[in-house]
Amino acid sequence: MNNLLGGRYQLGEMIGTGGMADVYIADDTRLSRKVAVKVLRSDLAKDPSFVTRFRKEAFAAAGLNHPGIVAVYDSGEEPAPYIVMELVYGKTLREIIHSGERLPLSRVLEIAEGILSALEYSHERGIVHRDIKPGNVMITEMGDVKVMDFGIARALDDAGATLTNTWNIVGTAQYLSPEQASGEVADMRSDIYSTGCLLYELLTGRPPFTGDTPVSIAYQHVSGVLVLPSLVEPTLPSGVDVLLSVALSKKAADRYQSSGQMLDDIYKIRGGEEVTTRIPKVRRTNKLRFTIAIAAAVVIAVAGTGLLLNRQVQTDSGVVVSNVVGLSEAQARALLKGFVVTVQHAHDPRIPKDLIANQLPLATSKAKPGSSVIITLSDGPGDAIVPPDLVGLTLMDARASLAAAGLVIAKTEAISSDKPQGTVLQVTPGPGTTISAGSGVTLQIASGDVEVPELVGITAIQARTTLVQAGFLVKQIEASDSTQASGVVLAQAPSAGTVLTIGASVTITVNTP
C-alpha cells in the first residue's frame, strides 16, 4: 500500500484491525499532527457494498462534534478508501474487561455517564450508533470516555433502518437489543439497551446473556429472563437492579426513552438516592412487540424451543417438511432425508453465512417423498438484485423468488385487474434494481377476497405457513399463558372466517411463557 494517503497522511505502524478495516497511526503532514487513519481492507475495497458502508461511516460521524465522541477529520478514496480520525491514547473497555480488571461502582457509573452523554448528543442529531459494545468505548490516558466507530450508524429518519448488519457482527451478539436480534428497526432505545448490557458486564464480570452460538445469544435477548445484577454481585445497591431492569427491558416501550432519562437515574445512584423509575405501561396490544416473521422463525428454529420439526412426519397427503431455516446444510440434509435437496445461495444480513436463510416448500408443508426441497444458504450481508421475472407470478411464487434473492415483501397493494387473483402486476423498486439484501419491496397485485383460516391452537410455524400459502402477510406478537403450550397461537386478528383482500396482514399472538 502507498504509505502516503491523499498526498497528506503518512502512515506509520498499524495500531488496530477489525472486520472491515485496519487502523494506522499517521502524520498529517499539512497540519503537523498525529492522527489515526482507518483504511478499508484491500480484499473488501473491490466490493461496492463495503465501500458504501465504509463511506457511510465517515458521513455519519463527521457531523458529530462532542468531547465524548472520537472526531472524524477527513476521508478519501485513493489509493484506498480511508477515514482520518482523532488519535486517542488509552484502552478500550474490551481490553479492560479481558484483562480481568474489575472497576468499582463509582467508576462504572462515571463511564456510563460518558457513554450516555455522547449518545444523547448523537441522538439529538438523529444518529443512532447501533453497535455500542466494549470494543467501541475508549478510556483515554486521562480517564475520559470516548465513543467510537459509528460504522453501522443510521439516521433516525431512515425508514429502512433495520439492522442489516446484525450477523456481520456475530462476535458481539452479547450487546444486541432484542429488536436488533429480530431484524427490526433500531432506534435510540436500542443504544440504551446495548449500554445496559455493557454496564451489566462491567458490574458483574459477565454479559447479561450468553449462549453457545450468536443465534442462541440473540434468542436470549429476545426471550431470556434477566438475572438481577445484585444476584451475581451482592454488593451492588438496589438502584442498580432498577436501572438495568429498565434499560434491559425486552420491549423498547418499557425502557428509558432517552439517554437523558437513564442519566437521571445514574445521578441518583451516585448521590445515594432511591431509584424508582418505572416506564409507564401501555395496553397490551400496543405494548407487544411486532417481530418480522422470518427473523423470529430463525431464532426459534435454531434455539430449539420445541417448534423445530426434528423428524419427518408421514401423512396421507405426503410428508411434513421439517423447518431447517437457521441450520447448516449438513443438518438440513439430515432432516430432509427422502427429499431431493437443491442448494442455492443469496446474501442475507439476518442469517450467519453458510446457514439456511430460506426453504421451499415452507416448514410444515406437505410434500411427496422424493420431491425437491430448495434451500438457500446465506452468503451474509451484501447486495441483492430484485428478480427480473416477478410480474405475472402468483403472490406465493413471488415471495419465494424474493426470499431466494435475499429480499422480502414490505407491503402489497391490491388493485382491480382482469388478471387472476394475487397475480403480481408491478414491483417497486423495479426488476433488476440492486438494493441491500434484507430490504423489502412493494408489490402491486390483482385484488380478490380471501377467507382468513383458523389458526388458534396450532404452532406459530404452522400458522405462518398456512397464512403465506393463503396469500396473506404475517405479523406476530407475543403473550404469555401458562396454561397453554409454548409456541402455540393464542389468538388471531381478524378472526377465522373473516374475508380480506389478498395480500392483507393477519396478526397472530404466540404464547411465549
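Predicted model: local features only at pLDDT ≥ 70, side-chain atom pairs only at ≥ 80, totals over all residues.
Q: What describes two packed helices?
A: The angle between their axes and the distance between the axes describe them. Here, take helix α8 (residues 238-247) and helix α9 (residues 259-270). They pack at an angle of about 170 degrees. Their axes lie 10 Å apart.

Q: Are α8 and α9 roughly parallel or roughly antiparallel to each other?
A: Angles over 145 degrees count as roughly antiparallel. α8 and α9 are therefore roughly antiparallel.

Q: Which residues in α8 and α9 meet?
A: From α8 come Gly239, Val240, Leu243 and Ala247. From α9 come Met262, Asp265, Ile266 and Ile269. By class, the residues of this contact are six nonpolar, one polar and one charged.

Q: How many residues of helix α13 are buried?
A: Buried means under 20% relative accessible area. Helix α13 spans residues 395-405, and eight of its eleven residues are buried, so the helix is largely enclosed by the rest of the structure.

Q: Which residues of α13 are buried?
A: The buried set is Leu395, Ala398, Arg399, Ala400, Ser401, Leu402, Ala403 and Ala405.

Q: Is Asp28 buried or exposed?
A: Asp28 is buried, with a relative accessible area of 1%.

Q: Where in helix α3 are Glu110 and Arg107?
A: Helix α3 covers residues 105-124. Glu110 and Arg107 are three residues apart in α3, so about one helical turn separates them. Their side chains meet in a salt bridge at 2.9 Å, N to O. Glu110 counts as partly exposed, at 34% relative accessibility.

Q: What about the side chains of Glu124 and Arg125?
A: Glu124 and Arg125 also meet in a salt bridge, at 3.6 Å, N to O. Glu124 is exposed, with a relative accessible area of 58%. Arg125 counts as partly exposed, at 44% relative accessibility.

Q: Which residues do salt bridges that share partners join into one network?
A: The network consists of Arg107, Glu110, Glu113 and Arg270.

Conventions:
Residues numbered from 1 in each chain as written. Heavy atoms only, no water. Axes fitted to C-alpha atoms, helices over the stretch in contact; angles between N-to-C directions. Helix = DSSP H or I, 4+ residues; strand = E, 2+ residues; numbered from the N terminus. Parallel < 35°, antiparallel > 145°, perpendicular 65-115°, else oblique. Contact = heavy atoms within 4.5 Å. Nonpolar A, V, L, I, M, F, W, Y, C, P; charged D, E, K, R; others polar. Buried < 20%, exposed > 50% of the residue type's maximum accessible area, 1.4 Å probe, protein only. Salt bridge = Lys/Arg side-chain N within 4 Å of Asp/Glu carboxyl O.
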